[in-house]
Amino acid sequence: MTLLLQFLFSGLTTGSVYALVGIGFNIVYNSTSIINLAQGEFVVIGGLMMWFFLEGMQFPFSVSFSLTLLTAAVIGLIMERLTIKPLLKKGDLLLMIMVTIAISILIRGILMFKFGKDPYTYPAFTEGEPINFYGAVITQQTLWVIGITVLCIILLYLFFNKTMTGRAMRACSINIRAARLMGINVSKVVMLSFIISSVIGALGGIAITPISLMEYDKGAMLSVKGFCAAIMGGLGRNRGAVAGGFSIGILEALTAGYIHSGFKDAIALLIMLFILFVKPAGIFGKAEIMKLRKF
Amino acid sequence: MKGLGKLCLCLLIFLVFTFFTPITSHCKEPYRIGAIFSVTGAASFLGEPEKNTVLMLAEQINKSGGINGHPLEVIIEDSKSDETQAVLAAKKLLEKDKVLAIIGPSTTGESMALVPIMTQAKTPLISAAAGANITQPVKERYWIFKTAQYDTSAVEAIYTYMKKRGIKKVGILTITTGFGDSGRKALTELASKFGISIVADERYGPKDTDMTAQLTKIKAAGAQAVINWSIGPGQVIVTKNWYALKMGIPLFQSHGWGSKKNIELAGKAAEGVIAPLGRLVVWNKLPDKHPQKALLKKYATDYEQRFKAEPSTFGGHAYDAFMIVVEAIKKVGPDKQKIRDYIENKIKKWPGTGGIFNMSPNDHCGLDVSAFEMVIVKNGDWEILK
């Protein structure tokens, strides 16, 4: 029982970040139908910039936090305005996805020059002993990570369902042409989606760095896992990305715990493949919607 | 347009003067040594300090008049942590630059890839990587040497210490890279020799973010100690997880643990972590009469001054490889065969950064378990365990 709980906690921690990256994928996917493969890089930007402001510049926590999110938002904005916007008119999705790969390499390179190849970390948000829960141990930072993920999910839900802008973005995700005819500024929506997804990625990075450290090239792995989470839950469905992220994280931890740690990536991905065989649109995805999509 | 033309001309003259003057100023023919390091790519944390070290040493030697009056020219190639690139770099160094010897590469895989080429070219290679296969079987490694300690020596150092403390059951945790693979092999093969049984054998990937599951399993298996074998951020994450879980059993790290940065990153979680480390990281804790102390002190302070960074064990491997070659050339001149013979037979009781080298026809590394000190982290600093 204690063992199982410990594995679950471990899975929830890693799963949270996968979920946040997965949500980032979804938001951009919904407004543009492209997969932003630089999504993982924003997690790294979050962790490293937070270190830069907090430890490097010695700013207080709240200032560093806001500045980091602002930096991520600006990078997301620049990325969209300079590369995606000019290409969006051509409508070549594959080309745009290639461009996001190029950007991820570019960001990684810049981060390497700025921060070097060493890992970075800063103290946990709250100092204190790990909490003992029925014999299993959970660190306070893990609770922060899970808490921030849950908060993100709630805020995004409210944003997409209760605000005008959020609804406009959802309209674009359903039918971009109809949305344009209704007077929605699609270009703004795309821009906003890039900003939101980069901020969410950075949030994940800020929260996870005290636990797992951050180095310049961690993004690629996070992109892959986050993408799996999004696919598994059904691309475009935020609750799918959350379910997918947590299940991949937990599956990895359980495999490491009960079978062997060497198999953990393989088994998690095998199960993902299996789910996609049974339900190609993902857990929450609808097959009809998939048919309407180009990707 | 005229202004631009003038500007270009000025630039050209400037370039000609900056790049071509040094060559004409030397009178004696320079000795050429090649170096191949993973300056970029996955193993860049090895290649960068190695490159820095060799650059610094070459400068120092040339400033003090070179080798027997001949200037020393070191040609450093970046293998980008890739075997193919390492092979290409070696071919270039051998055929175009006609080097007397090659130092490096940084990783075991790349070193193995160079074995046939160096043997064919009859040129000594002094690798900075650790894998035992680089110099064994020694009959087929006539031209190959290495300066990094054997993984097995580090394992022996840990197991000897455990035996003294009565630890019989261990859980091992290794990273899924070449470093972790060879460490895992050494850990499992040597265990029975020391009466130690491995009750859990866990692994993790180089970019994994949480090892709690593996550690929990090790604890549940009844281990009396954890041994983690990795380099990079993984060892810090394991340390943090070990601390958070309050496992109540000691954590041992590999010889890759020897960087102050790891203590900084792990914070108070690092307290009590034990590892077999080369003496470079604890040089200021050594007794004054220790044969390695003087050279370690010089290397560490020079390096820190020059690069504003802590010297690493890996840079030390390049230091040893470089200095061995320099000494050989100094004694026997620019003859590849004689250089090789000198290294094999005359490098005896030779203090380097990695330990005291005793090369022989049967051992092209020359280091054993005595190269390591068992070091514990106490109050954010290293402390040698007696």
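Okay, let's start with chain A, which has twelve helices and two strands. Helices here are DSSP runs of H or I with at least four residues, strands are runs of E with at least two, and both are numbered from the N terminus. Along the sequence the order goes α-α-α-α-β-β-α-α-α-α-α-α-α-α. Chain A is as compact as a globular protein of its length, because its radius of gyration is 19 Å, close to the 19 Å that the globule rule gives for 295 residues. That radius is taken over C-alpha atoms, and the rule is 2.2 Å times the number of residues to the power 0.38.

A quick word on where this comes from: it's a predicted model, where local features need pLDDT of at least 70, side-chain atom pairs count only at pLDDT 80 or more, and totals for chains, interfaces and linings use all residues. Residues are numbered from 1 along each chain as its sequence is written, while chains are lettered from A and ligands numbered from 1 in the order in which they are written.

Now, how does chain A meet chain B? 27 residues of chain A are in contact with 24 residues of chain B, contact being C-beta atoms, placed from the backbone, within 7 Å. On the chain A side, H1 (2-32), H8 (186-212) and H10 (238-259) each supply at least two residues. H1(A) gives the largest share, seven residues.

Let's zoom in on H10(A). Two packed helices are described by the angle between their axes and the distance between the axes. For H10(A) and H7 of chain B, residues 212-220, the angle is about 25 degrees and the axes are 8 Å apart. The axes are lines fitted to C-alpha atoms over the stretch in contact, with angles from 0 to 180 degrees between N-to-C directions. So these two helices, H10(A) and H7(B), are roughly parallel, the word we use for angles under 35 degrees. Who's touching whom? A:Ala253, A:Ala256 and A:Gly257 in H10(A) meet B:Ala213, B:Gln214, B:Thr216 and B:Lys217 in H7(B).

One last stop, also in helix H10 of chain A: A:Gly244. Is A:Gly244 buried or exposed? A:Gly244 counts as buried, because it has 32 C-beta neighbours inside 10 Å; the cut-off is 20 or more other C-beta atoms within 10 Å, with C-beta atoms placed from the backbone. Leaving out residues up to four places away in sequence, A:Gly244 touches A:Gly22, A:Ala229, A:Ala230, A:Met232, A:Gly233 and A:Ile283.

Conventions: Contact = placed C-beta atoms within 7 Å. Parallel < 35°, antiparallel > 145°, perpendicular 65-115°, else oblique. Buried ≥ 20, exposed ≤ 12 C-beta atoms within 10 Å, placed from the backbone.
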